[in-house]
Structures are given as C-alpha cells and as structure tokens.
Amino acid sequence: MAHNFKTDLWVDWCPGCGDFGILAAIQQALAEYNAKPENYVIVSGIGCSAKTPHYVNVSGIHTLHGRAIPFATGIKLSNPNLTVILDGGDGDLLSIGAGHFVAAGRRNVDFTIILHNNGVYGLTKGQASPTLPRGTKTKGLQRPNIYDSLNPVALALSVGYTFVARAYAFNIKNTKDIILKAIKHKGTAVIDLLQPCPTYNDINTKEWYDQRIYYLDQEKDWDPVVRKPEEEEVEKKYLQAINKSLEWGDKIPVGIFYQNEFVPTYEERIKQNFPNYFEDPPATSQISKKDGSAIVDMENIFRDKIVRK
Amino acid sequence: MSKTDIDLIIGGPQGGGIDSAAQVVIRSFTIAGFESYGLREYHSNIKGRHSYFHVRIKEEPVRSLRYPVDMLVCLDGETPFVHMDDVTSNSIIIYDSDFENTKLDQVITMEPETQKHIREKFQTLKVEPVIKNLMEYQKSRGVNVVPISFRKLITDTLGQNKPPARYSNTLGASISMAMLGLPAEITKSGIASVFGRKKEVVEDNEKIVDAAYKYVDSLGIKIKKLDIREYRERFMVTGNEAVGIGKVLGGLKFQTYYPITPAADESFFLEGHDYFEEAIENQNEQLRKTGVVIVQAEDEISAIAMAISGAMTGARTATATSGPGFSLMAEALGYAGINEIPVVLTLYQRGGPSTGLPTRNSQADLLFALNAGHGEFPRIVISSGDAEEAIFDAVKAFNYAERYQVPVIHIMDKVLANSFYVIDKVDSSKIKIQRWILPSSDNEEYQRFKFTETGISPMGFFGKQIFWLTGDEHNELGHITEDPETRDAMMEKRMKKLEIASKEIPLEDKLLVFGDKDAEISIVSWGSNKGPILDAMDKLREEGIKTRLIYLRLFSPFPSKEVAEALKGSKVIIDIENNYTAQAALVIKEHTGINVDKFILKYNGRHVTEDEVYKSIKEVLNGKDKVVMTSGA
C-alpha cells in the first residue's frame, strides 16, 4: 500500500492560508520522489510555516526561531543519505536566521529550503517581515513599514545558492514540480514561495498575486540551467538570474531562476578528506566493540603526541 | 618526597616562540624520565604582548605550580619587570643583556596599569626603573643573575643571515636546561621531538644547544648534573587535546564549533585527527579507515543546533565553547532538554562577564551551566580537574547523554585547556561505551516520548523510525500539545531521569575525598584547583595539620546525600574557587543546607599555585573568613 503522507492532525492554519497549498505540494512531491518514508526529514523553524512537519507523515523536527538551517545541516551532514526538506518563514529565514541563510549558500549542503514568503509575522499578529516593502501598511501595522524590503532571490543568488526558484502557493501543481526539482538538485535549493496571509496581509492578496504572476517556463528562450562548468556560462546564467530577480510589481516571475549542478556539495567536500563518508557516515558508523570497549586506539590516532626519544 | 623540584618560567613576546620553548623543556625532561606539568599564560593578542610559560619538574607526578620560581628566563625587556617578584634568593634569572639599559617606559607592549604598579615598586626601591637597576636589586637580595647577549650568541653561532629573534626561544630553553644540569644530548632530543620534520630548523637549533651549553660552561658556575631516569613512551597533551582524545576514544562522530578562546584548540586538534584507522572486531581485528566530521559553523547557535540535530541520526555528537559562545547556546540547550536529545557540550570557562578576560582562567560559569536556558529541564553537569580525568569524563559525558537522553555539559577551565600534561597511553579496553535503549520491536507504532517506568523512552533516529520533535510541549508521538495533564506527565517523565542518573552514577564520579578522611578541616573545591590543593595539603600535613578535600565532579544531578556524608564531622569547611561569589559553596548550600564558612577565592584570571593555597589556608586557620588570592602576572 502506498505510504500516506498525511498525518491525522487537524491542520490549524487560518482558512485561505497559502500554507495549505504548500503542504499539499510537499506531500505530493514526496510521494512522487518515492524515497523510503523513513529517509525523509522535514525541518522547520518557528511560526505558522513551522507547523508543516507535524502535518506530513514523515519524520519532522520543529526547531527554534531562525535555526532551521543549522538543524537541517546537522541532520544532513550526520547522515548524508537522508532527504532533508526545510520549511521556514520570511522572518525566520531572512531576519532572525539571516546569518544562517547566508552561510548555507556558502556550504551548498544537499537539502531544500522552502521559504514561506507572506510579508508578515502571522503568529504574532502581523508585524512586518523582511520582505514587506517600505511604505506598505498592512492591517496589523500601526503605521506604514519604515524598513526597506530585501529581495530573497537576489540575496540567495549573491551568497552562492546553486538552485534558486520562486513558486506560488496557490498553484499546487507548479509548486510540486518545483519542489521535486529542488529535491533532485545536488546542493542547496531555495524556493521563494509566495503566499497570501489572508488574516494579516490585506495588500498582497490572492487576487493581487493572480493578476501579476507569470511563469518563466512558459517564456521562450528562458534557460536558467548552467550547461557547462565554465566561468563564462556561469556568469551569463547568474547575471540573467539577477536581472530577472529585479522584476517585481506589475509582473512577478515564478519558476526556476538559476540552477548550477557543477558546484560540489559540502558533503562532497567532506568526502575529499573522508573517502568513505557516504558509506560509513557519522549516523551509522560503529563506535565500540561487542564488549563495549573503544574501537579506536590512542597510540594509532594520536601518535604525533608521543614524546619520542 | 621528590629529590628534584624545579619551577621555571620562560617569558617573552607573544609570537616569539614561547610555546615551542615550553614544548622543548617538557619534552626534554620527559625524555630524561622526569615528570612535568606546565601552563601557558598569554594576552588576547597575536604578536607582541607579554606571554610566559610556567613549568614544574619533579621525579613524582606534578600536580601544581609554585611561586617563587627557581629559574626565570627572560627573552625580552618586559619579562624581568613583570616577573620581578616571582623570584627569591637563590633563584636564577637569565636575561638578554641587550636590554640592559631598557627603561620601564620603553616597554611599549606593557599595559599602562602594569607599568604604573611596577613604577611604584621602583619608587619604594628608590631607583630608576631600568633593567640594569632591577638586576642590581635582584642580586642584592641573593638572586643569581646571568646576563647573555642573545643576539651575539645567535649570530656568532648561525651567522648574520639568520634572524636572531627566531632562535631566542630555543636559546633561552637550552641555557636553562644547561644550568639545571640536563645533558646536551637530551636537550637535542627534545628539540628534535618538537621540530622533528623540519631538518634545517633542527640542525640550526642543535647548534644553538651546543652554543648554550658552551656558554654556561664558560661561566664557571658549578652545576650539579641531574640523575637521568628511565625513559618510557608517554603522551604530551594539553587539556584541550585530552578532551579531544577522550571524545574520539568515546566514539565522537560529529563535532561542531565556532572559533573562541580557549575552546577552539580542541576542535582544531580534532581537525588534524579526523580520519584514522579503527579495529573492526568481527573482521578479525582488521583495520579499516573511518572519520569524524568536524564543522566550523557560522556561529555558536548554529554549532549547537547542528550537534543537537546530528545526534538524532544516531551519531555521537558534541560541541565545544567558552562563556560568550555558551551564552548564545542557551536557547538550544533547552531544546535538547525538552526533546531529550543526547548532546555533549564542552564548556571551557574563561574570565567573564562579557568578553572579560578572554585568555585567562575562571570558574565563574558553574551556576550558569547549571541554569542556562529558560524553563526547567534535566541536564547532567560534570567537571574535570586534570588531563586524565578529562579523557575519561569526555567518554562518560557521551555515555550519560545517551543513557539518559539529556544534554551533558562537561566543564573545563582555561588552566586545564592550556596546560601541558604528560600522560600514559589510555588503553582502549578501559574505555567503556554505553549507549541508548533502543525500541524492542518495529511492529508497533514508534513513540519517541513513550512514557516508561524510568522516564527514559526507547531512542529513535531519523532514517530508522518516523517521529516528530518540537520545542513545544508534546505528546508521546512528538506532536504539539497544551493539554495540562500531558504537560504534567511529560515534565515528570523528563525530570525523573535525573533521579535514575543519581542512583546509577557511581560515587567516584560524583565526588572524591582526598587527605585525612577524619580531619576536622574540610576543603571543598572543583576543577583545576585539585592539584594545588592536594600539594598544599601535603605541606600542611608535614606540619601536623590534617585536612580533607571533598573534590566535586558531578554538579547535576547534585549528589546531596553524598556531599553531606563526606562533610560529616567537619569543624571548619573551606571553599576554594576561582570566582567572586563562591558558586560551588552556593550549590552545596542549596542542595544540602550546609553552610560553608570560610572562603579562599581568586578572580584575577591567573592560575592557583601550591604556595598561595597553603598560605591562604593558614590565614583561614588563623581566623580570616575570606582570603582573595592574587598571584600571577
């Protein structure tokens, strides 16, 4: 019998929340990717998006505000044979966890980051998140936002993410397709997942997005993939992605902005020093003999510490 | 009693090879069959500021350092000033005569406050603060002063093309070993042992050794040759390295860290020993290669988060940090607590608060280690007092973490971290690895937080079982719940594990009692103070003063009954600690109701020495309630 990717918990998001679409897309993507259910781990931070793992019937770890990336990194590096997917909010990943978001781009650990982007902190009653433009007054704010917003796609590109995409929560099929591609990507994939917050963001509503969104994969000549491991090709695709990331307003592009499979993952970088890392990862490596004594020998490993005559 | 008992300080500018000089001394005396123990003191600075190395050499195991020192080797113009009170009559000062005319205010590397204190001493002596005058003063009080032009001796030996500053460290070390009566061949062995792979460096330094011995010969001083003892193969390690060795022997597979003094040296050491051979039993003791993954994280929050989540895949994981980094880890520590995750955190205490004294000693993070993180959750807190303890405690930390599924904090301090210890090989058969309880059958639905008699649930792993973790209060499956009855049951389940740990952890891992068990004078202490206290107790015993030391090793769960029992019959209890608020005494009071009445404290960031513990205990016995120890440059 096919594994049921839904848990039997009542999903407690507000009616009309974009998270429902994202959840359905994740469940469908996991079923389609078809790994052993035990080999999936969903990691989340804090906030509405962070409840996602509880609603998916694979292992889930709902962590601390802003720290989903380090938690996901620890899991993946201890057992590189697992499939790790991370759900974080825009406040979670781009404000309190911004340092980790930058570091993750430099590491290129093989996992997928789903950035739930709704412009507000929902669970604390609608404060402005880092993606809400300056001058915007959503209904939870006392006065218009005086922070400038950041551009998650451009930020991700500039710190080295090797797969950068945008999806829209209410197009479940397209979102599922992008998540699946992100999972299959070798390295860190980040998906800027646009979603309305029907309770606190009365500006960027479903209707607002529906009028603006267009799909890159329907554009003629749009090829986000780095085809050759050559500097010129990388630069061309990178600049094209940066340019595209600047489009916002009347038209909002959705789809894959950039994809480069030629950058070694952090796991492959570990393998340089530790050739059997994938076959004997930290998670499952034997550490003691049958009688419980140590398997390693001090003289063998630390011989440089011996004072020799 | 040890026939030989020598205290030596070598001082010079940071970056001037003090560390290598220290290694040459310790390695040479180890080759000569002696016991030694040494400590590095240094500023938070890369190059230029004063640093020194204090070592003691005996035939018997060395447990502490002592002032005044028998020999002071000064590689620069700052050392003679800074350590002017660390010598006494019959001590020897070896100094660079090129600094003869150096005035105190020309020593620009010295902090103005230190200059001021030294200037005041010279005002009392009624002479100008110049090295020349300082040496006259030292001679007048019976100190033997040996001037050497380092520059001349080095250029005469190696020619004009070699920078003298690069060799002054080995020259200083060689002169001191010549004067202590150690044969030149042994000093050369020590040099080769330090600079082993660099052939040219070894050859140059061997010439320096010959020149040093020749120079000492030419002085015409009568030097008693040391009786060389039998060499045996031993390991020279710092406390940082001891923890690293313990972790690897204990099965460490994943270590994370963010650079911080004095913790980073442990991870740096592990990075140099992260791929090795191990014996697989079921393949006829065949060797195979395996590794430890060491990750330098982007900050300490990330470091602990990675270690915590890594542990949930089944790997033995750990992180190491110092005060400021530990402060950042507090929230995640609670996450490990509520999610019952076995993770080990090695905490190297340094002077706080804030950046405090980043390279100096402290024991002021005990209460923080016991209380860090909001809310209430079980944790195990253990403390080590020397390199051998640190090795075994690093293994025990993992065992406790996995057995009780709790975060374990292993407390070290700067003195332990940066001291050189010479130890015997730890036999792998003596390392006992104890792991989690696993689920009995795969048929029933796995519950990560299943209620059990002991509070300990069978462990599950990502990649094996399906389960959930959350920082929220949760049900047995790991899903969020705010149900009041489940909350009570989960709190009680988690906290109960400490009662089980309290029952199972053996007495010797909780506390050790040293000295005269029926003595009416009891001392309580912990960490790196153990050695100097034991030496001071021996000295007091020679005078007929009997004491006992209750040396604390386990702070959480606190062994209340055992401590109360160990303190029975005490007429006076003296607490000795490196902090202002006498934190261990507060913990004892909290858990046993017993009042500690006398205090010997130190918070200037420098190491505690045998002589000052001895002197301070005498002051307490003469009626003082509190003594603040102030020694150390």
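A residue counts as buried here if 20 or more other C-beta atoms lie within 10 Å of its own. The legends below all show a predicted model.

**View 1. Strand 7 of chain B is mostly covered.** This strand takes in residues 234–238, and five of its five residues are buried.

**View 2. Strand 7 of chain B has partners in chain A and in chain B.** From chain A comes strand 11 (residues 306–307), joined to strand 7 of chain B by two bridges and running antiparallel to it. Look for A:V307 here, whose bridge partner is B:R234. Within chain B, strand 16 (residues 419–423) also runs antiparallel to strand 7, this time with four bridges. In that pairing, B:V237 sits opposite B:Y421.

**View 3. B:I10 is a buried residue in strand 1 of chain B.** The strand covers residues 5–13. B:I10 counts as buried because it has 27 C-beta neighbours inside 10 Å, and the cut-off is 20 or more. B:R40 is 30 residues away in sequence, and its C-alpha is 9.8 Å from that of B:I10.

**View 4. Seven strands of chain B make an open sheet with mixed pairing.** Reading across, the strand order is 11-8-12-13-15-14-21. Strand 11 (293–296) and strand 21 (554–556) are the edges, each pairing on one side only. From one strand to the next, the twist averages 20°. Zoom in on strand 13 (residues 343–349) and strand 15 (residues 407–413) of chain B and you'll find parallel pairing over seven bridges. B:V344 has B:V408 as its bridge partner there. Helix 12 (residues 323–338) of chain B lies across strands 12, 13 and 15, at about 145° to strand 12.

**View 5. Helix 2 and helix 4 of chain A pack at an angle of about 35°.** Helix 2 spans residues 68–78, helix 4 spans residues 98–107, and their axes are 9 Å apart. On the helix 2 side, A:I69, A:P70 and A:T73 do the meeting; across from them are A:H100, A:F101, A:A104 and A:R107 of helix 4. By class, this contact has four nonpolar, two polar and one charged residues.

Conventions. Residues numbered from 1 in each chain as written. Chains lettered and ligands numbered in written order. Predicted model: local features only at pLDDT ≥ 70, side-chain atom pairs only at ≥ 80, totals over all residues. Buried ≥ 20, exposed ≤ 12 C-beta atoms within 10 Å, placed from the backbone. Pairing = 2+ DSSP bridges. Axes fitted to C-alpha atoms, helices over the stretch in contact; angles between N-to-C directions. Contact = placed C-beta atoms within 7 Å. Nonpolar A, V, L, I, M, F, W, Y, C, P; charged D, E, K, R; others polar.
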